[in-house]
Amino acid sequence: MRGKWVILLTGVMAAGCLAGCSPLNTVVEALPDLSESISNTMEIMDMPNLKNIGNMSLEKEEGTSIFNELTVSDEPGISADADCWLYGDIAEFMKITVKEDTQAVVRYTYTTDDEGNLELGVYPKNNDEVTYFTLKKATDEAYGTIWVEKEITLEAGENIFYISGRDIPCKIRVEVTGIDPDLTEDVSAFLLPDEI
């Protein structure tokens with residue numbers, strides 16, 4: 001009986017070695033960027049953080065992320081400072097109301113305390129079109145020293161800014177520039193109906 005176990009274990013170990021040395025593993029190891037891309041795509045699809053991704057609608061969970069601090073200002077320019085813990089929902093933090101469609105530049109710096117990725121996005125209240133940017137994990141040293149600028153379109157009416165991540169801390173400063181002051185009707189912190 002003992003001889004059968006030795007033969008069986010030898011066979012299992014040989015099969016494991018052949019599987020570990022397969023050409024498929026060589027291809028997968030040679031394409032780490034593709035693996036990371038697939039992983040990130042799955043994580044985004046898994047997160048209920050966007051109103052729509054393609055044709056897939058996702059439920060929006062409100063009230064689970066916690067803001068330790070949130071300041072929104074329109075003087076001297078439009079800006080928001082947030083310090084929060086993100087729990088996988090979309091954490092809406094600022095709304096800008098404009099009289100007509102207009103181009104703007106969003107400029108941001110952030111830290112995730114070197115933890116996971118997050119998203120910064122904006123969507124008009126009157127439709128489901130979402131513009132979002134994936135923000136890779138960043139250290140505290142990056143906050144205030146590394147800035148990113150992106151062009152966005154604000155649609156006529158309310159445009160709601162949000163951040164989203166899964167179980168990570170976030171400190172972020174967002175500045176919105178390039179908007180004609182005559183087109184801006186309102187800039188305020190986003191409040192849920194039960195907070196008003």
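Good morning. A residue counts as exposed when its relative accessible area is over 50%. Lys 125, in this predicted model, reaches 54% and therefore counts as exposed. Its partner in a salt bridge is Glu 158, with the closest N and O atoms 3.8 Å apart. The pair links distant parts of the chain: Lys 125 sits in the loop between strands E6 and E7, while Glu 158 belongs to strand E9, 33 residues apart. Glu 158 is partly exposed, at 23%.

A search of the whole structure gives six salt bridges. In another of these, Asp 81 and Arg 173 bring their closest N and O atoms to 2.6 Å. Asp 81 is part of strand E4 and Arg 173 of strand E9, so this pair ties together parts that are 92 residues apart in sequence. Arg 107 and Glu 149 also form a salt bridge, at 3.6 Å from N to O. Here strand E5 supplies Arg 107 and strand E8 supplies Glu 149. Glu 149 is exposed at 56%, whereas Arg 107 is partly exposed at 25%.

I turn next to strands E3 and E4. They run antiparallel and are joined by seven bridges, and a hairpin of four residues connects them. Ser 73 faces Ser 79 in E4.

Finally, which strands each supply at least two residues of the lining of the second largest pocket? They are E9 and E10. This pocket holds about 160 Å³ of space, and its lining includes Asp 74, Pro 76, Gly 178 and Pro 181. Thank you.

How values were computed
Residues are numbered from 1 along each chain as its sequence is written. This is a predicted model: local features need pLDDT of at least 70, side-chain atom pairs count only at pLDDT 80 or more; totals for chains, interfaces and linings use all residues. Side-chain values use heavy atoms; hydrogens and water are left out. Two strands pair if DSSP finds at least two bridges between them. On a 1 Å grid over the protein atoms alone, a cavity is a set of points where a 1.4 Å probe fits but cannot get out, and a pocket is an open set with protein on both sides within 12 Å along at least five of seven lines; lining residues have an atom within 4 Å of a point. Grid points are joined across faces, edges and corners, and a volume is the space filled by probe spheres set on the points. A salt bridge is a side-chain nitrogen of Lys or Arg within 4 Å of a carboxyl oxygen of Asp or Glu. Buried means under 20% relative accessible area, exposed over 50%, partly exposed in between (1.4 Å probe, protein chains only).
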